[in-house]
Amino acid sequence: MRLRFLGAAEEVTGSLLLVEVESGSIIVDCGMFQGRRQESRLRNAKLPRAAIEADAAILTHSHIDHSGSMPTLVKSGFQGSIYTTLATANLCSYMLRDSARIQAADAAYLNRKYGRDPDWVPITPTYDEVDVLHALDRFVALSYRRPFEPLPGVTAQLLNAGHILGSAQVVLDVHEHGKTKRILISGDLGRKGLPILRDPETPPHPVDALVLESTYGDRVHGPVESMQTEIERVVRATVARGGKIIVPAFAVGRTQELLFVLHGLLRAGRISELPIYIDSPLAINVTEVFRMHPECFDEETRSFFDEHGDVFSFEGVRYTRTAAESMEINRQEGPAIIIAASGMAEAGRVLHHLRNHVEDERNTILIVGFMAEHTLGRRLVERRQRVKIWGVERELRAQVEVLSAFSAHADRNDLIAYARAALPKKIFLVHGEPDQQVPLKEALQTRRCHVEIPKRGAVVELD
Ligand SMILES: [Zn+2]
């Protein structure tokens with residue numbers, strides 16, 4: 001039995017793991033690589049042969065860096081089924097089509113911008129919406145904890161990972177030569193106590209090999225419980241100044257968590273009613289998928305539903321689908337909360353809200369997610385004096401508030417507790433950058449447990 005680390009090795013995007021056994025091979029995740037433009041295009045367009053020739057695929061969750069290359073895989077000739085949870089399949093239906101549309105828009109923009117350059121090679125999107133439909137045709141949707149057989153001699157199960165709606169850990173029991181070996185793949189792991197979702201399930205133990213994410217292998221997040229009081233503080237202070245709150249947020253997870261927290265604060269009388277705009281068509285669709293999957297909610301959220309009705313619709317909340325409705329928000333006077341994509345403020349409707357609001361010190365820009373280097377979001381976090389929006393320099397006079405408690409990823413302590421609970425013989429750290437992986441490796445390494453940080457392309461024999 002072999003593991004091949006084909007992506008998200010010493011990096012955080014492009015997840016792709018190949019598990020080879022006697023009866024065939026399975027890939028776990030096939031995510032989009034997101035880095036420098038040229039390298040991204042090459043890697044996303046040409047997937048490793050061994051992945052395309054795999055017999056089956058398992059998808060841990062719908063984030064694009066895990067699911068985003070499934071259409072390319074199918075387009076390249078992959079013949080197998082793609083097993084995942086029901087909620088992930090539903091989210092992918094929206095998110096992969098959205099990804100195809102973004103690629104088409106980006107390609108059109110760049111070809112228009114550089115088209116007159118004689119050396120310019122026109123860009124074509126890696127896949128289109130029809131390719132997405134072909135990929136969706138391959139999905140086999142399952143509930144958590146329902147054993148299935150992706151290959152003869154391999155029993156698999158999906159366990160709740162508590163990271164985003166539908167996210168799963170993967171347990172593979174490989175029966176060969178009269179013995180059974182167990183491989184546990186964490187996928188992206190969530191945190192205990194996050195709003196809405198059930199906590200990550202305790203992993204089975206012992207396991208022969210654990211493939212563990214390590215995004216925050218060396219960071220400890222603020223307590224989840226601080227989230228409500230922090231949001232309350234920001235809302236009250238901004239309303240008192242007569243300002244607006246602009247939140248760049250990913251469509252999946254963060255938007256719904258914010259709504260849940262705001263709804264709770266409103267019901268408890270800790271904030272008063274104000275307009276809350278969800279200004280993202282994808283976020284609106286995704287919120288609909290949340291409503292379809294109460295089986296993924298924790299007790300608190302389910303009883304909130306029973307007591308107060310729909311968590312995501314309440315006084316003041318307005319969902320704006322069209323561009324005209326989005327522009328209309330600009331004419332709105334007085335305090336309001338505007339939640340819009342993209343999450344790192346690199347594109348999307350949040351840009352026109354930022355342009356209109358960064359120069360007024362009454363306003364607040366609320367940062368609730370990870371901001372990668374070289375993004376507008378990161379420059380806001382750094383509170384630069386001036387920021388460039390759509391090519392125009394603007395004074396950053398609005399307040400910037402950064403709340404780390406919203407992270408959907410396990411932190412160092414969570415990862416260590418998870419790994420200890422699984423009692424693994426070997427651990428392979430993936431989905432992390434070396435500055436996060438090396439300290440985590442040192443913390444996990446013991447006499448009975450060997451820890452490795454595989455490089456991309458590394459092959460490991462498990463016998
Ligand atoms: Zn994720």
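L423 is partly exposed, with a relative accessible area of 48%; here buried means under 20% relative accessible area, exposed over 50%, and partly exposed in between (1.4 Å probe, protein chains only). L423 is not a glycine, yet it has a positive phi of about 45 degrees. The residue sits in the loop between α14 (412-422) and β20 (424-430), where helices (H or I, at least four residues) and strands (E, at least two) are DSSP runs, numbered from the N terminus. The structure is a predicted model, in which local features need pLDDT of at least 70 and side-chain atom pairs count only at pLDDT 80 or more, while totals for chains, interfaces and linings use all residues. Residues are numbered from 1 along each chain as its sequence is written, and side-chain values use heavy atoms, with hydrogens and water left out.

E10 lies in the loop between β1 and β2 and, at 28% relative accessibility, counts as partly exposed. The peptide bond from H205 to P206 is cis, with omega near -10 degrees, and P206 belongs to the loop between β10 and β11. As background, most residues other than glycine have a negative phi, and most peptide bonds are trans.

The zinc ion has as its protein donors H61 (NE2), H63 (ND1), H163 (NE2) and D188 (OD), which lie 2.2 to 2.3 Å from it. Donors are taken as N, O and S atoms within 2.8 Å of the metal (3.2 Å for Na, K and Ca); water is not among the atoms, so sites may look incomplete. Along the sequence, the donor residues follow the spacing H-x1-H-x99-H-x24-D. With a relative accessible area of 2%, D188 is buried.

The arrangement around the zinc ion is irregular because the four donor atoms subtend angles of 92 to 165 degrees. Under the rule applied, four donors count as tetrahedral if all angles lie between 85 and 135 degrees; four count as square planar and six as octahedral if opposite donors are over 155 degrees apart and all others between 65 and 115; anything else is irregular.

At the level of the whole chain, the domain assignment gives domain 1 (2-219 + 408-461) and domain 2 (226-406), with bounds that come from an automatic or database domain assignment. The C-alpha centres of domain 1 and domain 2 are 28 Å apart. Contact (heavy atoms within 4.5 Å) involves 19 residues of domain 1 and 25 residues of domain 2. About 2,000 Å² is buried between domain 1 and domain 2, with carbon and sulfur atoms giving 70% of this area; buried area is the accessible area (1.4 Å probe) that two parts lose on being put together, summed over both. Y94, L165 and I196 supply 35% of the area that domain 1 buries against domain 2, more than any other three residues.

In one of them, the side chains of E20 and R2 meet at 2.8 Å, N to O. E20 lies in strand β2 (residues 16-21) and R2 in strand β1 (residues 2-7), so this pair ties together parts that are 18 residues apart in sequence. E20 is buried, at a relative accessible area of 15%, whereas R2 is partly exposed at 31%. R2 also forms a salt bridge with E461, the closest N and O atoms being 3.0 Å apart. E461 lies in strand β22 (residues 459-461) and R2 in strand β1, so here the parts tied together are 459 residues apart in sequence. E461 counts as partly exposed at 43% relative accessibility. Through shared partners, salt bridges join R2, R4, E20 and E461 into one network.

Conventions
A salt bridge is a side-chain nitrogen of Lys or Arg within 4 Å of a carboxyl oxygen of Asp or Glu.
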